[in-house]
Amino acid sequence: MKQFRRGAALALCGLLAFGALAGCSGSGSADDGVQIIRIGHNQSTNHPTHTGLTAFETYIEERLGDKYDIQIFPSELLGSQNEMVQLTQTGAITFCVASNSLLETFSENYTLFNMPYLFSSAEAYHNAMDDPEVTGPIFESTKQAGFEAVTWLDAGTRNFYTINTPIYSPEDLKGLKIRVQQSPTNVRMMELLGGSATPMGFGDVYTALQSQMLDGAENNELALTENGHGDVCKYYSYDMHQMIPDILIGNLDFMESLSEEERAIFDEGFLVLNQTQRDAWEDAVAQAKDRAENEQGVEFIYLDDISAFQEAVAPMHDEMLAEYPDLAPIYELIQEHNAEFAAQA
């Protein structure tokens with residue numbers, strides 16, 4: 001079934017790419033001349049990301065429905081995140097949601113947001129990501145690649161979850177094959193923590209866990225329920241190593257084709273998407289934890305001390321600043337948010 005779905009997705013992607021080459025500029029046209037805007041993401045229709053995108057669809061079509069028809073494709077129907085980013089680059093689709101970790105491979109500036117323990121608290125994370133002085137230079141850094149980031153989405157806190165071995169300290173990760181997102185930063189993080197990093201597209205993780213090609217993975221709580229990982233992994237440990245946003249990116253040609261009035265409406269729509277998704281996130285996490293614990297039998301492990309994890313990966317901050325000195329001013333701005341919204345003891 002999965003092979004059929006992926007084959008169908010690739011066939012559809014081929015058709016979309018053909019359409020882009022034929023001049024659709026990131027979208028198609030319906031019979032009535034309304035421009036079709038395709039948006040792809042890798043989550044289910046129950047996920048806060050899809051809820052936010054649906055609110056965006058409603059907002060835009062209520063104001064520009066005579067010109068644009070928003071079509072949302074969930075669950076990797078348009079391919080993996082990497083494939084969707086490439087389709088957005090070429091204009092075969094108009095927008096897609098991509099993890100910040102993946103975007104690191106398109107612009108080194110995104111390395112910053114992938115740093116483990118970059119943010120001191122969820123409040124610091126949210127306030128920093130809402131600060132245009134923090135996000136602006138990074139969001140605009142992929143224009144030369146054919147797309148730009150238009151808003152961020154909350155993806156919670158990333159933690160380790162495993163099949164057989166509960167994680168209490170970095171020592172427990174030694175020898176374990178852990179799926180990480182496809183970025184050099186995440187591979188380096190696992191190297192310092194002692195685990196064996198296995199970069200892999202998100203859509204392939206469940207099968208790899210089920211076949212025990214992997215010993216575990218790292219993600220937020222929704223991965224346990226929305227993606228079924230809690231059916232296999234029975235230990236979820238709150239080491240809180242990363243708060244990595246998901247990013248909505250848009251095809252640059254399409255964004256630059258909008259009139260000033262249209263761009264203002266789209267910008268408002270991006271704010272609606274952001275707020276709707278974030279409002280839905282907290283409830284979704286609570287529901288996921290309840291279901292994972294009571295239906296899937298997942299044990300949640302709340303660590304009293306995460307300092308060993310923090311100390312193990314601390315060199316990454318200095319390494320990043322040495323390699324990308326231009327990011328230092330943004331890093332310092334984040335530290336100001338960290339000081340203002342420090343974690344509660």
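Residues are numbered from 1 along each chain as its sequence is written, and side-chain values use heavy atoms, with hydrogens and water left out. Because the model is predicted, local features need pLDDT of at least 70 and side-chain atom pairs count only at pLDDT 80 or more, while totals for chains, interfaces and linings use all residues.

**Spaces**

A cavity is a set of points on a 1 Å grid over the protein atoms alone where a 1.4 Å probe fits but cannot get out; a pocket is an open set with protein on both sides within 12 Å along at least five of seven lines, and lining residues have an atom within 4 Å of a point. Grid points are joined across faces, edges and corners, and a volume is the space filled by probe spheres set on the points. For the linings, Ala, Val, Leu, Ile, Met, Phe, Trp, Tyr, Cys and Pro count as nonpolar, Asp, Glu, Lys and Arg as charged, and the others, Gly among them, as polar.

| Space | Volume | Lining by class |
|---|---|---|
| Largest cavity | about 300 Å³ | eight nonpolar, 14 polar, four charged |
| Second largest cavity | about 40 Å³ | six nonpolar, two polar, no charged |
| Largest pocket | about 800 Å³ | 16 nonpolar, nine polar, six charged |
| Second largest pocket | about 430 Å³ | eight nonpolar, four polar, six charged |

The count comes to two cavities of 30 Å³ or more. The largest cavity has 26 lining residues, and Asn42, Gln81, Ser99, Gln181 and Phe202 are the closest to its centre. Met115, Tyr117, Leu118, Phe119, Met240, His241, Gln242 and Met243 line the second largest cavity.

Turning to the pockets, 31 residues line the largest pocket, with Ser121, Ala122, Thr157, Met240 and Met243 nearest its centre. Helix 11 gives the most to this lining, six residues. (Helices, H or I of at least four residues, and strands, E of at least two, are DSSP runs numbered from the N terminus.) In the second largest pocket, 18 residues form the lining, and Thr135, Phe139, Val150, Thr151 and Leu271 are the closest to the centre.

**A helix pair**

Helix 6 (residues 132-139) packs against helix 14 (residues 328-340) at an angle of about 150°, with the axes 9 Å apart. That makes helix 6 roughly antiparallel to helix 14 (angles over 145 degrees count as such). Axes are lines fitted to C-alpha atoms, for helices over the stretch in contact, and angles run from 0 to 180 degrees between N-to-C directions. Glu133, Val134, Pro137 and Ile138 of helix 6 meet Ile330, Leu333, Ile334 and His337 of helix 14, where contact means heavy atoms within 4.5 Å.

Terms used: Angles under 35 degrees count as roughly parallel, over 145 as roughly antiparallel, 65 to 115 as roughly perpendicular and the rest as oblique.
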